Amino acid sequence: MEILTAFITSGIVGTLIAEHYQRKTLVKITKRNFVIELFSLRHTLNQGYNGDYSEINKALGKIPIIFSDNKDVLSCYDEILAGADNKKFLRLLKAMCKDKNVKIDISDWDDEMLIKSLSI
């Protein structure tokens, strides 16, 4: 009977540990993919852009949910809601890249590179 109890208990504990790590991995992947998506949409913030703003608005609307555990990102997001400009967007991008789950090293990138987008 003790062996059966130990077997069941170890199975439950193993399952809980595996679920915890899967959840952490999913959070990392979700946040990182979101930052990549937002980075790809930064061209819509250029002066003279005449296209559709719905994608960038949709992406920005996800920030409070995806980064609900990061006060720096939420603070930058609140600043953008008060009035968006390149400096505020740049601070938001940097805060998201520095998130403990995202960890994108942008230390070698200058601000111009972060904001600038290609026009081919």
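Contact means heavy atoms within 4.5 Å. The model is predicted: local features need pLDDT of at least 70, side-chain atom pairs count only at pLDDT 80 or more, and totals for chains, interfaces and linings use all residues. Numbering starts from 1 along each chain as its sequence is written, and side-chain values use heavy atoms, with hydrogens and water left out.

**View A. Surroundings of Phe 67.** Residues up to four places away in sequence are not counted. Phe 67 then touches Lys 31, Phe 34, Val 35, Val 73, Leu 74, Met 96, Asp 99 and Val 102.

**View B. Lys 31, a buried residue of helix 1.** Helix 1 spans residues 2–40 (helices are DSSP runs of H or I, at least four residues, numbered from the N terminus). The relative accessible area of Lys 31 is 1%, so Lys 31 is buried (under 20%; exposed is over 50%, partly exposed in between; 1.4 Å probe, protein chains only). Beyond its neighbours within four places in sequence, Lys 31 contacts Ile 66, Phe 67, Asp 69, Asp 99, Asn 101 and Val 102.

**View C. The largest nonpolar core.** Such a core is a set of buried Ala, Val, Leu, Ile, Met, Phe, Trp, Tyr and Cys residues joined through side-chain atoms within 4.5 Å. Two or more residues each come from helix 1, helix 2 (54–66), helix 3 (71–82), helix 4 (86–98) and helix 5 (111–115). Helix 4 gives the largest share, seven residues.

**View D. Met 1, an exposed residue.** Met 1 sits in the segment before helix 1. Its relative accessible area is 78%.
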